[in-house]
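Here are a few exercises to work through with the model open on your screen. Try each task before you read its solution.

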Amino acid sequence: MKNSDFRTARLLAALISGALFGIGLAMAGMTDARRIIGFLDLTGNWDPTLAFVLGGAVLTSALLFPLIKKQGHPLFDTKFRIPNRNDIDAKLLGGALLFGIGWGLAGYCPGPAIAGLGTLSTEALWFVPAMLGGSLIHSLFDKRAPNRNG
């Protein structure tokens, strides 16, 4: 397979995977920010739905990842691209803190927010532009940010 064929196949696979992920999030109710905030509200009216969604994702991943790695390489690439860093630094902790604060305040993280656009969720309509703006600001100030155009 030529590089251009791999690129086209990867883009199509990403589109299909993203669409299925978004549909799954919507079907599970994860595009409703109130449901996420309900999960984070341990002392109030706690909603365990997110725990079941996360548990299903972890179980599926735990069962299928070893089988997929045995294939030697992905269907649409020449090798697996698995991160190998395992250090914890200030940048990681700061990012996790910002993510957690944003998730707790808005009830959204990137996947459900983008899926929420498909349902015209009011929260997603203001959250996604703010998220993209934050990403743009980060890329402008962080000269070490990797180039993902390849």
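**Exercise 1: the surroundings of serine 121**

Setting aside neighbours within four places in sequence, serine 121 is in contact (heavy atoms within 4.5 Å) with Thr31, Tyr108 and Gly116. A quick note before going on: this is a predicted model, where local features need pLDDT of at least 70, side-chain atom pairs count only at pLDDT 80 or more, and totals for chains, interfaces and linings use all residues. Residues are numbered from 1 along each chain as its sequence is written, and side-chain values use heavy atoms, with hydrogens and water left out.

Task: find where serine 121 is, whether it is buried or exposed, and which side chains make polar contacts with its side chain.

Solution:
1. Look in the loop between H5 and H6; that's where serine 121 is. (Helices here are DSSP runs of H or I with at least four residues, strands are E runs of at least two, and both are numbered from the N terminus.)
2. Check the accessibility: serine 121 has a relative accessible area of 11%, so it is buried. (Buried means under 20%, exposed over 50%, and partly exposed in between, with a 1.4 Å probe and protein chains only.)
3. Now the polar contacts, meaning pairs of N or O atoms within 3.5 Å; within protein, one must be able to donate a hydrogen and the other to accept it, and residues adjacent in sequence count only if both atoms are side-chain atoms. The side chain of tyrosine 108 is at 2.8 Å, and that of glutamate 123 at 3.0 Å.

**Exercise 2: another residue of the loop**

Task: say whether leucine 120 is buried or exposed, and what its phi is.

Solution:
1. Leucine 120 also belongs to the loop between H5 and H6.
2. Its relative accessible area is 64%, so leucine 120 is exposed.
3. Its phi is near 55°, a positive value in a residue other than glycine.

**Exercise 3: H5 against H6**

Task: work out how the axes of H5 and H6 cross, and which residues meet.

Solution:
1. Take H5 (residues 110-118) and H6 (residues 122-141): their axes come within 9 Å and cross at roughly 130°. (Axes are lines fitted to C-alpha atoms, for helices over the stretch in contact, and angles run from 0 to 180 degrees between N-to-C directions.)
2. H5 and H6 are therefore oblique to each other. (Under 35 degrees is roughly parallel, over 145 roughly antiparallel, 65 to 115 roughly perpendicular, and the rest oblique.)
3. From H5, Pro110, Ala113, Ile114, Gly116 and Leu117 meet Ala124, Leu125, Phe127, Val128 and Met131 of H6.
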